[in-house]
Amino acid sequence: MDNIRILLVEDEPEVLDALATSLERKGFNVLRAVDGEDALTGDKISQANLVISDIRMPRVGGAELYNRARQLRPELPFIFISGHTIELNRISNQLTEPLPILLQKPFSIEQLLQAVEQQLKTSE
């Protein structure tokens with residue numbers, strides 16, 4: 001897993017740090033971004049094997065990040081996380097293949113790791 005790079009996009013610093021630390025402890029390399037705009041700067045999208053993104057964020061939200069990342073890398077797997085059920089329901093109508101996994105906050109690290117494993121298997 002040392003060569004798997006996860007782009008983690010979350011605007012709440014405490015959540016970003018907690019999730020990144022948990023993923024790093026499991027052996028993943030984590031690229032951090034505070035919103036979609038930050039995720040799209042540099043070469044983070046090209047380096048990532050998987051994106052885990054919040055939906056509701058300032059500047060560039062998860063839906064726009066998803067659409068712009070898909071233009072660059074259509075095969076890039078996504079996991080969306082959100083504490084807002086309405087956001088998860090709204091975005092599910094806008095998604096294209098391969099479909100991302102939608103996780104409702106709060107979720108356990110085990111649930112996140114299962115989603116990561118599932119998305120990585122799908123993208124092989």
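Student: Which residues of H6 are buried?

Tutor: This is a predicted model, by the way. In it, the buried residues of H6 are Leu112, Leu113, Ala115, Val116, Gln119 and Leu120.

Student: What makes them line one face of the helix?

Tutor: Look down the axis of H6: the buried residues fall within an arc of 160°, so they sit along one face. On the other side of H6 you'll find Glu110, Gln114, Lys121 and Thr122, which are exposed.

Student: What covers the buried residues of H6?

Tutor: The cover includes E1, H1, E3, E4 and E5.

Student: How do you know that the span of H6 agrees with what a helix should have?

Tutor: Take 1.5 Å times one less than the number of residues. For the 14 residues of H6 that gives 20 Å, and the end C-alpha atoms are 20 Å apart, so the two agree.

Student: Which residues touch the most other members of the largest nonpolar core?

Tutor: Those are Leu23, Ile52, Ile79, Leu112 and Val116, out of 21 residues in that core. At least two core residues come from each of strand E1 (5–9), helix H1 (13–25), strand E3 (50–54), strand E4 (78–82), strand E5 (101–104) and helix H6 (109–122). H6 gives the largest share, five residues.

Student: What does Val116 touch, leaving out residues up to four places away in sequence?

Tutor: Val116 touches Ile6, Leu23, Phe28, Leu50, Ile52 and Ile79. There's also a second, separate core of 18 residues, with Ala33, Val51, Met57 and Ala69 among them.

Student: How many aromatic pairs are there?

Tutor: The count comes to three.

Student: Why is the pair of Tyr66 and Phe78 called edge-to-face?

Tutor: Two checks. Ring centres have to lie within 6.5 Å, and planes over 60 degrees apart count as edge-to-face. For Tyr66 and Phe78 the centres are 5.1 Å apart and the planes are at 80°, so the pair is edge-to-face. Tyr66 lies in helix H4 (residues 62–72) and Phe78 in strand E4, so this pair ties together parts twelve residues apart in sequence.

Student: Why do Tyr66 and Phe78 count as buried?

Tutor: The cut-off for buried is under 20% relative accessible area. Tyr66 has 2% relative accessibility, so Tyr66 counts as buried. Phe78 has 0%, so Phe78 counts as buried too.

Student: And why is the pair of Tyr66 and Phe80 called tilted?

Tutor: Stacked needs planes under 30 degrees apart and edge-to-face over 60, with tilted for the rest. The planes of Tyr66 and Phe80 are at 55°, with ring centres 5.7 Å apart, so this pair is tilted. Tyr66 in helix H4 and Phe80 in strand E4 are 14 residues apart. Ring pairs link Tyr66, Phe78 and Phe80 into a cluster.

Student: What about Asp54: buried or exposed?

Tutor: Asp54 has a relative accessible area of 4%, which is under 20%, so Asp54 is buried. Asp54 is in strand E3. Leaving aside neighbours within four places in sequence, its contacts are Val9, Glu10, Asp11, Gly62, Phe80, Ile81, Ser82 and Lys105.

Student: How many helices and strands does the chain have?

Tutor: Six helices and five strands, running β-α-β-α-α-β-α-β-α-β-α from the N terminus. Of the 124 residues, 49% count as buried.

Terms used. Residues numbered from 1 in each chain as written. Predicted model: local features only at pLDDT ≥ 70, side-chain atom pairs only at ≥ 80, totals over all residues. Heavy atoms only, no water. Core = buried A, V, L, I, M, F, W, Y, C linked by side-chain atoms within 4.5 Å. Buried < 20%, exposed > 50% of the residue type's maximum accessible area, 1.4 Å probe, protein only. Helix = DSSP H or I, 4+ residues; strand = E, 2+ residues; numbered from the N terminus. Contact = heavy atoms within 4.5 Å. Arc of directions from axis to C-beta. Phe/Tyr/Trp six-rings, centres within 6.5 Å; stacked < 30°, edge-to-face > 60°.
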